[in-house]
Protein chains: 2
Amino acid sequence: MPDELTLRKLFPNLEDGLYEELLQYGNVRSFAAGSVILKKGHPIRSTMMVIEGVVKLSQDDDEGDEFFVYHLEPGQACALSMVCNFGHEKSEASAKAITDVVVLSIPLQYMEKWLGEYKSWHYFVIKTYRSRYNDLLQTVNEIAFRNMDERLEFYLLKQVKQFGNHVKLTHQEIANDLNSSREVISRLMKKMEKNGWISIHRNSFEWLRK
Amino acid sequence: MPDELTLRKLFPNLEDGLYEELLQYGNVRSFAAGSVILKKGHPIRSTMMVIEGVVKLSQDDDEGDEFFVYHLEPGQACALSMVCNFGHEKSEASAKAITDVVVLSIPLQYMEKWLGEYKSWHYFVIKTYRSRYNDLLQTVNEIAFRNMDERLEFYLLKQVKQFGNHVKLTHQEIANDLNSSREVISRLMKKMEKNGWISIHRNSFEWLRK
DNA sequence: TGGCTTGAGTGATTACTATCACAGAAGGAC
DNA sequence: GTCCTTCTGTGATAGTAATCACTCAAGCCA
């Protein structure tokens with residue numbers, strides 16, 4: 001359960017009154033590691049501000065494949081769930097709790113109301129969009145121009161940055177995130193291990209290279 | 001040279017005073033078809049609102065390859081050039097005039113000033129982000145999950161939607177936009193022609209399918 | 001008209017990735 | 001320990017796209 005001090009640390013530079021309203025009208029919601037927060041095709045009724053844990057955003061296709069787009073960490077908010085004040089669109093992507101997660105869920109009417117009342121809020125919203133937009137651009141870059149070995153390297157580095165040198169992921173999970181196949185990932189990681197970049201364990205790997 | 005009426009038509013629902021300020025402080029800039037409006041790596045000093053013509057946004061890699069991301073048409077604005085009020089970032093992408101283009105260029109200080117003064121302006125900015133964000137998500141979807149034949153079909157349809165049934169593009173240009181090669185595009189388009197979807201001319205093609 | 005440039009068509013080859021088919025290893029359950 | 005499930009490693013094969021090497025066609029222009 002977040003208090004005002006936590007909010008101030010995670011989401012700095014908002015107006016005083018806004019912190020109070022966030023606490024008053026936001027709903028604290030917890031998700032266990034592995035659970036689905038937002039599913040493709042479902043309507044979005046609130047904005048998520050991440051308080052604790054890591055949320056994985058994926059782009060889904062019609063066959064149920066999930067393509068990793070980016071992580072949200074504490075202090076970040078979901079851009080997808082900010083679009084809906086202008087319509088009642090459905091989610092194109094899905095969000096999943098990777099670790100245990102606590103979010104502050106802001107009902108859309110407040111989301112919109114505060115846009116008019118708090119300058120810091122609309123800066124926050126715009127900043128959120130900007131960050132997620134840049135993340136997406138980088139993703140486009142990688143899948144448009146890079147081969148699987150480079151994409152895997154970028155991907156693993158993102159995981160290491162998020163979870164530390166020892167990352168718990170199976171080859172199958174990595175393959176899903178990159179829309180590839182387990183065998184391909186297995187081979188490429190074996191090569192990285194031979195080069196001394198990583199060491200491979202069951203269900204996890206360790207990043208060795210500086 | 002746009003007048004207030006034109007602006008009102010292209011960018012509806014802004015406040016009265018804002019139209020006047022747009023005309024007063026925005027700079028009208030024209031670009032000939034084919035010229036480069038914004039280049040990767042250059043700092044962004046203003047926001048572009050498209051008045052006339054079509055602007056192509058591309059994501060560039062380090063080797064100079066350009067990957068088509070989306071079109072901007074009259075009444076739209078460039079999300080990329082809206083990020084900079086929070087820093088002095090450089091462009092990750094490039095913008096090119098496809099037809100003769102007229103844009104209203106808004107210096108960043110006004111861009112930011114109006115965010116505080118005009119509610120309609122920050123809605124406009126957020127709406128712009130939202131649209132471009134969704135465009136990007138669709139792009140990710142296509143390159144992550146689709147084969148070249150499907151991506152080509154999507155691509156050609158986007159061109160047709162933008163320029164009408166008869167589109168002037170060489171196979172080489174299409175290949176560049178999709179980060180593919182001329183021969184591949186040539187073969188796939190030949191197949192589409194055999195299926196009666198298009199007819200191929202020198203420097204152009206025609207969309208036949210309903 | 002003939003040369004020249006640019007764009008398009010097509011076969012052959014190569015590279016990368018996906019898929020199939022297993023074998024073997026690790027670890028939990030009993 | 002033994003069984004069983006899950007994860008990983010690896011060869012063989014197939015499919016898609018990129019690259020190479022040409023030929024041919026269209027249109028300019030002198």
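**The surface near DNA strand D**

Let me begin with the residues near DNA strand D, where near means having a heavy atom within 4 Å of the strand: this surface divides into two nonpolar, nine polar and eight charged residues, with Ala, Val, Leu, Ile, Met, Phe, Trp, Tyr, Cys and Pro counted as nonpolar, Asp, Glu, Lys and Arg as charged, and the others, Gly among them, as polar. Please keep in mind that this is a predicted model, in which local features need pLDDT of at least 70 and side-chain atom pairs count only at pLDDT 80 or more, while totals for chains, interfaces and linings use all residues. Residues are numbered from 1 along each chain as its sequence is written, chains are lettered from A and ligands numbered from 1 in the order in which they are written, and side-chain values use heavy atoms, leaving out hydrogens and water.

Sugar and phosphate make up 41% of the atoms of DNA strand D that come within 4 Å of the protein.

Turning to polar contacts, which are pairs of N or O atoms within 3.5 Å, we find a side-chain N or O atom of A:Arg202 at 2.6 Å from a base oxygen of DNA strand D, whereas B:Met148 has a backbone N or O atom 2.5 Å from a phosphate oxygen.

As for helices, which are DSSP runs of H or I with at least four residues, numbered from the N terminus, α7 (182–194) of chain A and α7 (182–194) of chain B each supply at least two residues of this surface, and the largest share, five residues, comes from α7(A).

Key
Polar contact = N/O pair within 3.5 Å; in protein donor to acceptor, adjacent residues only side chain to side chain.
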